[in-house]
Amino acid sequence: MGRSRTGLVNTRQISCISSNIIIRPQVRRVASCPTAPKLSSAQHRAEWNEDRLAEKNVTSKSEKPPWDWQRMVRARERRAAVLEYFSKLGSTQNRGNTFQAHHGLHRPASTENLTLSALVASGAHIGHSKSLMFPTFLPYAYGTRAGITIIDMEQTLPMLRRAANVVRAIARNNGMILFVGTSPSLRPIVAKAAERLGANGFHVGERWIPGTLTNRMGLFGVDVAREKNLRPDCVIFLNPLNNLHAIRECAIEKIPTIGITDSNADPRIVMYAIPGNDESVRTAELIAGVLSLAGEQGIKWQNRIESSLVEIDEQDDLEVTSRDDLGMAEDQFFTDGGAHETPEMAGSSTSHI
């Protein structure tokens, strides 16, 4: 308690007074460098500056790298040694040799490398509800689980390979293959599959127009229908239940069809049925990729056979030409009666006579 003129000082006054106090920061004076000599003259100051400059030049001209650079180099060497040691012990899998989600569209597996695990991983074994299973689909059902039909992949795999053989044979004979997928999620799949086949591949990603096959002259015109081939040799349906009208047109025109048939569809609606989940995009990518690769192999085989036949024809032409030239030379010789004989040949024949 402090005292005022009247006696005791109120604590509230003390707090107000203390709040108004301004504390100024203390200014500390920096001491001069203890190593620097106390220079008394300009000559001593110049000598001291020359010594400091000489020390700087020696440090800058030294070949030893800075400490930070050495630490970085050592860290890199340790990391390289650790990677080299543990790479021999760990797995060799990387992004290039392992499955990725985009491989189904851009890098599908061939029929030789296709496995049951790949089909199961794509969700091809998942069917519809047990109550929706079509009676004729029963031979392709493995069983039910939680009310869902499980499709037997041991039957799907050989039927997919059979369809791939059909596509390969058609492409080998220069046939036209049409991919049909009329949902937004299937459009890039059918476009990519048709792209692999080049001039032999076509696709329909929008709505199938009725009469595309049965009324070609009415839709495309008489001239176009006569000049161009508008009849495919094989049609592949990725969602056959949504394109039943197109399947009927193929049946009328006697065009072989391939399709993914789910448990709620009749496998007999297409000629070569592939039991699987027709609502899975990954399943559609896998099956369309396998079939398109098979068609690509057939086209390559056909091109290889044609190139070999061309080489054989060229060799035969050369042999025939050489034989014809030889025969013409012999005929010319006997026709002239030896007029082109040399003097030596003539003299030898005379002396012999």
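Rings of Phe, Tyr and Trp (its six-membered ring) pair if their centres lie within 6.5 Å. Planes under 30 degrees apart count as stacked, planes over 60 as edge-to-face, and the rest as tilted. The model shown in these views is predicted.

**View 1. Aromatic pairs in the predicted model.** Two aromatic pairs turn up in a search of the whole structure. One of them joins Tyr85 and Phe86. Their ring centres are 5.1 Å apart. Tyr85 has 54% relative accessibility, so Tyr85 counts as exposed. Phe137 and Tyr140 form a pair as well, with 5.8 Å between ring centres. The planes of Phe137 and Tyr140 stand at 55°, so the pair is tilted. Both Phe137 and Tyr140 are buried.

View 2. Leu89 sits in the loop between α3 (67–87) and α4 (103–106). With 60% relative accessibility, Leu89 counts as exposed, because the cut-off is over 50%.

**View 3. Ser129 and its contacts across the sequence.** Ser129 belongs to strand β1, residues 126–129. Its relative accessibility is 27%, so Ser129 counts as partly exposed. Ser129 and Ile148 lie 19 residues apart in sequence. In space, their C-alpha atoms are 4.6 Å apart. Leaving out residues up to four places away in sequence, Ser129 touches Gly147, Ile148 and Thr149.

**View 4. The largest nonpolar core.** This core has 52 residues. Leu160, Ile177, Phe179, Ile236, Leu238, Ile258 and Leu291 touch the most other members. Several helices and strands each supply at least two core residues, among them α6 (153–172), β4 (177–180), α7 (187–196) and β6 (234–237). α10 (244–252), β7 (257–261), β8 (272–275) and α11 (281–336) are also on that list. Helix α6 gives the largest share, ten residues.

**View 5. Leu291 and its neighbours.** Leu291 is one of the core residues that touch the most other members. Residues up to four places away in sequence are not counted here. Leu160, Ile236 and Ile258, like Leu291, are listed among the core residues touching the most other members.

Terms used. Residues are numbered from 1 along each chain as its sequence is written. This is a predicted model: local features need pLDDT of at least 70, side-chain atom pairs count only at pLDDT 80 or more; totals for chains, interfaces and linings use all residues. Side-chain values use heavy atoms; hydrogens and water are left out. Helices (H or I, at least four residues) and strands (E, at least two) are DSSP runs, numbered from the N terminus. Buried means under 20% relative accessible area, exposed over 50%, partly exposed in between (1.4 Å probe, protein chains only). Contact means heavy atoms within 4.5 Å. A nonpolar core is a set of buried Ala, Val, Leu, Ile, Met, Phe, Trp, Tyr and Cys residues joined through side-chain atoms within 4.5 Å.
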